[in-house]
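User: I am new to this structure and would like to learn how to read it. Could you take me through some features one by one?

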Amino acid sequence: MSKFKKKKKGLPAISTASLPDIVFMLLFFFMVSTTMRETDLLLQPIQFPSATEVKKLEHKSLVSTIYVGKSKDARISGDKIQVNDKIIDVKDIPSFIFSERAMRKEEEVKYMTTSIKADKEANVGTILDIKEQLRDINALKVSFSTKGTDVKRNY
């Protein structure tokens, strides 16, 4: 037996001391950069109409969105209305608005806005039917989504 051990030649072990820092940095990066999709669009991609006077909505958490456009299924013709993740008929809009109101506090209901995101080729009759249903249930704050245009305003 020898008194001295021979040194093994090879690579040293990889230090894992900084591994938790790297994992938390990656986790933080993905938490910040990821957006949650609210609904899966069952309609064809919507082409918004352009507008000259636009204003951003202030309380986006109090907005109920109604999508109007053509169905992705080519066999189905005419405009379709989508709320959340389902296609509905015009007469189902009041029940959708009432269910949205039920999820909110009573003092927030008066600030709720209904946003109509309609394709620029959508039938005006469909949009008028939606507005009539909203008027019947006293949901009078309605906004229409448009294509973002850079408008310079002189005040």
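User: Where does Thr 113 lie?

Analyst: Thr 113 lies in strand 4. Helices (H or I, at least four residues) and strands (E, at least two) are DSSP runs, numbered from the N terminus. Before going on, note that this is a predicted model: local features need pLDDT of at least 70, side-chain atom pairs count only at pLDDT 80 or more, and totals for chains, interfaces and linings use all residues. Residues are numbered from 1 along each chain as its sequence is written, and side-chain values use heavy atoms, with hydrogens and water left out.

User: Is Thr 113 buried or exposed?

Analyst: Buried means under 20% relative accessible area, exposed means over 50%, and partly exposed is in between (1.4 Å probe, protein chains only). Thr 113 has 12% relative accessibility, so it counts as buried.

User: What does Thr 113 touch?

Analyst: Contact means heavy atoms within 4.5 Å. Not counting residues up to four places away in sequence, Thr 113 touches Leu 57, Leu 62, Val 63, Ser 64, Lys 141 and Ser 143.

User: Let me try helix 3. What about Thr 126?

Analyst: Thr 126 lies in helix 3. It is buried, with a relative accessible area of 13%. Setting aside residues up to four places away in sequence, Thr 126 touches Val 68, Asp 79 and Ile 81. Now take Leu 19: it and Thr 126 are 107 residues apart in sequence and 57 Å apart in space, C-alpha to C-alpha.

User: And how does Lys 131 read?

Analyst: Lys 131 also lies in helix 3. At 33% relative accessibility, Lys 131 is partly exposed. Leaving aside neighbours within four places in sequence, Lys 131 is in contact with Ile 116 and Phe 144. Lys 131 and Thr 114 are 17 residues apart in sequence and 9.9 Å apart in space, C-alpha to C-alpha.

User: How many salt bridges does a search of the whole structure find?

Analyst: The general idea comes before the count. Side chains of opposite charge can pair when their charged atoms come close. A salt bridge is a side-chain nitrogen of Lys or Arg within 4 Å of a carboxyl oxygen of Asp or Glu. The search of the whole structure finds four. One of them joins the side chains of Asp 79 and Lys 70 (3.2 Å, N to O). Asp 79 is buried, at 16% relative accessible area, and Lys 70 is partly exposed, at 34%.

User: Which other pairs can I look at?

Analyst: Asp 73 is partly exposed, with a relative accessible area of 28%, and Arg 75 is exposed at 75%. Then try Arg 104 and Glu 100, with a salt bridge of 3.7 Å, N to O. Here Arg 104 is partly exposed at 22%, while Glu 100 is buried at 6%.

User: Which side chain of opposite charge is nearest to Asp 119?

Analyst: Lys and Arg count as positive and Asp and Glu as negative; His and the chain ends are not counted. For Asp 119 the nearest side chain of opposite charge is Lys 70, 7.0 Å away. Asp 119 is buried yet has no salt bridge. Its place is in the loop between strand 4 (113-118) and helix 3 (124-136).

User: What polar atoms does the side chain of Asp 119 reach?

Analyst: A polar contact is a pair of N or O atoms within 3.5 Å; within protein, one must be able to donate a hydrogen and the other to accept it, and residues adjacent in sequence count only if both atoms are side-chain atoms. A polar atom of the Asp 119 side chain lies 2.8 Å from the backbone nitrogen of Gln 47. The side chain of Asp 119 also reaches the backbone nitrogen of Glu 121, at 3.0 Å. Beyond four places in sequence, Asp 119 touches Pro 45, Ile 46, Gln 47, Val 68 and Gly 69.

User: What is the value of phi for Asn 84 and Asn 138?

Analyst: Most residues other than glycine have a negative phi. Phi of Asn 84 is near 50°, a positive value. Asn 84 lies in the loop between strand 2 (79-83) and strand 3 (86-88). Phi of Asn 138 is near 65°, also positive. Asn 138 lies in the loop between helix 3 and strand 5 (142-144), and at 55% relative accessibility it counts as exposed.
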